[in-house]
Amino acid sequence: MPFKLDLKKYHAPPSTREACDILASEENSMPIAGGTGIYIFSNKGMMSNVDTLVNLGKLNLSFVEKDGEKIRIGATTRLSDMGAGITGIQMLDEAVQSIPKEVRHMGTMGGQIFTAFPAFDLSVCLLALNGSISVTDGYRDKEIAMSNVYNAMFDPAIPRSSIIESVEAPATKFNRTTYQKFSYTKHGFSDVSLAIAMRVEGDFIEDISLAVGGGSLDSEPIKLPHVEGAMRGNEIDQELLDMGFDSILNSTGLEFYSDHKSSSDYRKRMVGTMLRRGVKKLTGGVAAHV
Ligand SMILES: Cc1cc2nc3c(=O)[nH]c(=O)nc-3n(C[C@H](O)[C@H](O)[C@H](O)COP(=O)(O)OP(=O)(O)OC[C@H]3O[C@@H](n4cnc5c(N)ncnc54)[C@H](O)[C@@H]3O)c2cc1C
């Protein structure tokens, strides 16, 4: 199925400034990177006003750079080029691996973030990693923390004529990370997902950061500060895993859709189960009594 766009113009500028100038001057224009998100949403009739595409492929934004404590990933880096141990961050490998092969070889990090869709796995991971994005309007660059990137689902806090240049995440701050994803088919979109990033020292959780996503989430991907606060500083033992996550999750504002497959409450309980499983998986060799 082709894109469902009434396309009149297609540009492939050689610089971010030219790309941003075109986006600013042509009202119905939009950037295209891998095109996989545009494929989905144009076919749902959500891009009927777009008549001009600005290809970002010539902007030299495909790279993964490690700089001591930080890792920078260029916005047009293919998802497949940030998995398989390339970043050294396990949750990114797991998330990339869960995406259909054809899609991960075309889709990009910038497209994931800009779409602000909670079923896009890498955007959930980057939120849990307390990452940030670098955005340019062609003249000035701006860094935005992932916690401020989304106004709402499908509504990124990024001006229409700006481009995401790169994303940044701490490389060593968290020493245990995992991405837990439930989907109805092996390589399907997530229904519920949880990204867990922890700093474990001995048997204790020195730091923890959690982000929830999933196609049944009734919002943009969100963090779980209440749960993080309840777990931070605790010893990893059975008492921790038996903690009443469900009641804490009920006080977080986390809401899923209820539909014929599951209720919102059931999906919230899945988040608690994913958290217990994820912590067990990450601490298997650390706390023998768990
Ligand atoms: C069949 C199928 C299955 C999929 N399954 C999964 C899955 O299991 N998990 C998952 O996470 N994802 C899944 N996806 C989604 C896919 O990962 C995303 O569509 C992809 O990552 C988006 O990147 P892209 O480069 O293709 O974006 P594009 O389609 O090129 O663009 C998407 C949006 O982002 C904007 N954009 C792109 N790059 C930039 C930039 N640098 N700056 C500003 N705006 C930008 C575009 O203007 C557009 O609005 C699936 C997609 C398909 C088609």
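## Domain layout

How far apart do the C-alpha centres of domain 1 and domain 2 lie? They lie 21 Å apart. The model is predicted. Domain 1 covers residues 64-170 of the protein chain. Domain 2 covers residues 176-283.

## The domain interface

Contact involves 25 residues of domain 1 and 28 residues of domain 2. Together the two domains bury about 2,000 Å² between them. Of that area, 63% is on carbon and sulfur atoms. Three residues stand out on the domain 1 side: Pro118, Val124 and Leu127. They supply 24% of the area that domain 1 buries against domain 2, more than any other three residues.

## Polar links and salt bridges

Polar links also cross the interface of domain 1 and domain 2. There are 11 residue pairs in polar contact, with both residues at pLDDT 80 or more. Salt bridges across this interface number 2.

Which side chain meets Lys281 in a salt bridge? The partner is Glu94, at 2.8 Å from N to O.

## The second largest pocket

The second largest pocket holds about 170 Å³ of space. Its lining has 6 nonpolar, 4 polar and 1 charged residues.

Lining residues include Ile40, Phe41 and Lys44. Phe117 and Ala119 also line this pocket.

How values were computed: Residues numbered from 1 in each chain as written. Predicted model: local features only at pLDDT ≥ 70, side-chain atom pairs only at ≥ 80, totals over all residues. Heavy atoms only, no water. 1 Å grid on protein atoms, 1.4 Å probe; cavity = no way out; pocket = protein on both sides within 12 Å on 5 of 7 lines; lining within 4 Å. Points joined across faces, edges and corners; volume = space filled by probe spheres on them. Nonpolar A, V, L, I, M, F, W, Y, C, P; charged D, E, K, R; others polar. Domains from an automatic or database assignment. Contact = heavy atoms within 4.5 Å. Buried area = accessible area lost by both parts, 1.4 Å probe. Salt bridge = Lys/Arg side-chain N within 4 Å of Asp/Glu carboxyl O. Polar contact = N/O pair within 3.5 Å; in protein donor to acceptor, adjacent residues only side chain to side chain.
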